Amino acid sequence: GMAASLEELRNHPRFNELAAVVAENPALLEQILPALATTHPDLVQAITENPEEFLYMLQDSLGEEGDEGEEGEEEMMQIELSEAEEAAVQRLAGLGFEPDRALEAYLACDKNEELAANYLFEMMED
């Protein structure tokens, strides 16, 4: 059931990245969910049906790192990317987006460059 999906979400390799991005910018969750829905519809269903549990899990996953005060901020976005992934983020930034935004979108879209580009352009139209 849903508990299983939430458990799966917590164990999802991308969950901590998602938690980090959403912690930085909670409004991003609204835009991340549609992209996530295309790749992991069951996870999105679990999130939308259990928003409190999901937020609790997000805070919980950040809890381990979240107690260091201000200087902890910097390390959080130090996500290891391969050269190919770096290049993809560079290309997205080259479309006229801030590198941080490009990186966030790329990670939020499960490292799918095409989805990330669509996502960034949609954000601009808002």
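In the predicted model, A102 touches V89, L92, A93 and L120, residues up to four places away in sequence being left out of account. A102 lies in helix α8. Its relative accessible area is 0%, and A102 is therefore classed as buried, the cut-off being under 20%. Between A102 and A116, which stand 14 residues apart along the chain, the C-alpha separation is 7.5 Å.

In soluble globular proteins, nonpolar side chains tend to be buried together. For Y119, contacts beyond four places in sequence are formed with L28, Q31, I32, A105 and C109.

Helix α3 comprises twelve residues and spans 17 Å from its first C-alpha to its last, close to the 16 Å expected at 1.5 Å a residue. The buried residues of α3 include L28, L29, I32, L33, A35 and L36. Packing of α2 against α3 occurs at an angle of about 145°, the axes being 9 Å apart. To this contact α2 contributes L18, V21 and V22, while α3 contributes L28, L29 and I32. The residues involved in the contact of α2 with α3 comprise six nonpolar, no polar and no charged. Two of the α3 residues in this contact, L28 and I32, are also touched by Y119.

Notes: Residues numbered from 1 in each chain as written. Predicted model: local features only at pLDDT ≥ 70, side-chain atom pairs only at ≥ 80, totals over all residues. Heavy atoms only, no water. Contact = heavy atoms within 4.5 Å. Helix = DSSP H or I, 4+ residues; strand = E, 2+ residues; numbered from the N terminus. Expected span 1.5 Å × (residues − 1). Buried < 20%, exposed > 50% of the residue type's maximum accessible area, 1.4 Å probe, protein only. Axes fitted to C-alpha atoms, helices over the stretch in contact; angles between N-to-C directions. Nonpolar A, V, L, I, M, F, W, Y, C, P; charged D, E, K, R; others polar.
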